[in-house]
Amino acid sequence: MTQLNTKIQLYVSKVNSNIKVDFLRDVLLQDDSDGKGVYIKEWNLDMAEPTNAQLEALEAEAQVIENNEQIIYTRKKLYGSWESQLEEIFDKGLDSWKARITQIKINNPKETL
């Protein structure tokens, strides 16, 4: 199950791709710890608030987004800092660096729908 904020951002970006939702001002989420989970407490965007059905319809796409965020995090850890990558290029050459980066991407592929 994906995070509600992921589905909300996806819903908003389908209406207007230029909007990055601020979850401290634009949309406030709340969990009352009653077992019902997180819900939209306050909607301050100039567009219709999505229904639960609209948000649930975005589940598969939101799951791919969240999975890819984890893959990107893993790749960044494996790449190392920019400084270490530059040192690697200087010490071992560009082709060696490219081969290592390519292998990281092969081992950690992004998902698509």
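Against which helices do the buried residues of helix 5 pack? In this predicted model, in which local features need pLDDT of at least 70, side-chain atom pairs count only at pLDDT 80 or more and totals for chains, interfaces and linings use all residues, they pack against helix 3 and helix 4 (82–92). Contact means heavy atoms within 4.5 Å. Residues are numbered from 1 along each chain as its sequence is written, and side-chain values use heavy atoms, with hydrogens and water left out. Helices (H or I, at least four residues) and strands (E, at least two) are DSSP runs, numbered from the N terminus.

Helix 5 comprises 14 residues, 94–107. Trp-97, Ile-101 and Ile-104 of helix 5 are buried (under 20% relative accessible area; exposed is over 50% and partly exposed in between, with a 1.4 Å probe and protein chains only). Viewed down the axis of helix 5, the buried residues fall within an arc of 55°, so they line one face of the helix; the arc is that of the directions from the helix axis to the C-beta atoms. The face turned away from the buried side carries the exposed residues Asp-95, Ile-106 and Asn-107.

The largest pocket holds about 300 Å³ of space. A pocket is an open set of points on a 1 Å grid over the protein atoms alone, where a 1.4 Å probe fits, with protein on both sides within 12 Å along at least five of seven lines; lining residues have an atom within 4 Å of a point. Grid points are joined across faces, edges and corners, and a volume is the space filled by probe spheres set on the points. The largest pocket has 14 lining residues, with Leu-4, Lys-7, Val-38, Tyr-39 and Glu-56 nearest its centre. Helix 1 (4–15), strand 2 (38–43) and helix 2 (52–56) each supply at least two residues of this lining.

Tyr-39 is located in strand 2 and, at 32% relative accessibility, counts as partly exposed. Leaving aside residues up to four places away in sequence, Tyr-39 touches Leu-4, Leu-28, Leu-29, Gln-30 and Asp-32.

The second largest pocket has a volume of about 160 Å³. Among the residues that line it are Asn-5, Phe-23 and Glu-69. Helix 1 gives the most to this lining, with 4 residues.

How values were computed. Expected span 1.5 Å × (residues − 1).
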